[in-house]
Amino acid sequence: MAVGARSGHDGPDKGADGAFRDDTTGDDVTGDEQTQPDGGTPGGGAPGDDDTAGGAGRGPKKQRSFWKELPLLVGIALVLALLIKTFLVQAFSIPSESMMNTLQKGDRVLVDKLTPWFGSEPERGEVVVFHDPGGWLEGQTAPEPNVVQKFLSFIGLMPSAEEKDLIKRVIAVGGDTVSCKEGGKVVLNGVALDETSYLYPGSLPCQDSFGPIKVPEGRIWVMGDNRQNSLDSRFHQQLPGGGTVSSDEVVGRAVVIAWPVTRWATLPVPGIFDNAELNKAMAVAPLGAVSVAGALPLLLWRRKKIADRHTAE
């Protein structure tokens, strides 16, 4: 009797060797195929027949070649790099000595571009990268990048050599009043700043006097840490904006020096900008303005009374 045929009773069939066998086919076989005494296979086929009908003997699915998957992996990596550059972080190169010793020429910094997407505004003390507001980099030319540099810049793996960007420290934000007397300290909202923690050694807070300047809302006043070698807000007061930079021009905050590895460091906000007196002094100005506005009608009324009295006499 062929294996798999019914024997006429409900029990298992008994083979020629006296052993009982199940009357099902070999779908659950996971090792080598079992052969029958007649040389056939568990499905009843002859030796050498294909067992695909029963599912036995089917080999593992052939994996896709690495070289076929490589273009897909590269494409995914490029998309991720573009998304990171656009929304998260971007590398920038320091082209000058205007921010020494905080940043040295040739340093690579990573700039946080995520928080501005959520409405975050630049804050005092932050080191920020911003687009040229117009005229700040006039006459300065950058070396022409090659094809590889352009590609790496496009995906954010190298700093852009074509975009005209600057990096400075935010000293004042919208609503602040900033000034400096020649050879003295920068005065912010009436508070003299002790900038020794980040100024270049031997650098004066300001070589020439400026201000007081009231920074418009939505704009910032920026200065380099190497004050005698930085063409910052002080030197562009004749341009639209009076030397201030629109917050919309800010690319993001520089948060870490990523290269070279020997220079790796974070870029925190100096403690002097956590001084509560800065905000208190800024709040006093509107209060004073309200007081003056309230006293003005009384002053005019008094002057009118005096004038009427003199007329009557």
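A search of the whole structure, which is a predicted model, finds 6 salt bridges.

**Exercise 1.** Determine which parts of the chain the salt bridge of Arg263 and Asp107 ties together, and state whether each residue is buried or exposed.

*Solution.* 
1. The side chains of Arg263 and Asp107 meet with an N to O distance of 2.8 Å. A salt bridge requires such atoms to lie within 4 Å, so the pair qualifies.
2. Arg263 belongs to the loop between strand S13 (250-259) and strand S14 (265-266). Asp107 belongs to the loop between strand S3 (89-93) and S4.
3. The pair therefore ties together parts that are 156 residues apart in sequence.
4. Arg263 has a relative accessible area of 22% and is partly exposed, whereas Asp107, at 2%, is buried.

**Exercise 2.** Locate the partners of the salt bridge between Arg227 and Glu195, and describe the burial of Asp232 and Arg234.

*Solution.* 
1. Arg227 and Glu195 meet through their side chains at 2.7 Å, N to O.
2. Arg227 is in the loop between strand S11 (219-223) and strand S12 (245-246), and Glu195 is in the loop between S9 and S10. This pair links distant parts of the chain, 32 residues apart.
3. Both Arg227 and Glu195 are buried.
4. Asp232 forms a salt bridge with Arg234, with the closest N and O atoms 2.8 Å apart.
5. Relative accessibility is 0% for Asp232 and 10% for Arg234. Buried means under 20%, so Asp232 and Arg234 each count as buried.

**Exercise 3.** Characterise the disulfide of Cys180 and Cys206.

*Solution.* 
1. The whole structure contains 1 disulfide. Its sulfur atoms, from Cys180 and Cys206, are 1.9 Å apart.
2. The angle about the S-S bond is -80°, and the link is left-handed.
3. Cys180 lies in strand S7 (residues 177-180), and Cys206 in the loop between strand S9 (191-192) and strand S10 (210-214). The link thus ties together parts that are 26 residues apart in sequence.
4. Cys180 is buried, at 3% relative accessible area, and Cys206 is buried, at 0%.

Note on methods: Residues are numbered from 1 along each chain as its sequence is written. This is a predicted model: local features need pLDDT of at least 70, side-chain atom pairs count only at pLDDT 80 or more; totals for chains, interfaces and linings use all residues. Side-chain values use heavy atoms; hydrogens and water are left out. A disulfide is a pair of cysteine sulfur atoms within 2.5 Å. Helices (H or I, at least four residues) and strands (E, at least two) are DSSP runs, numbered from the N terminus. Buried means under 20% relative accessible area, exposed over 50%, partly exposed in between (1.4 Å probe, protein chains only).
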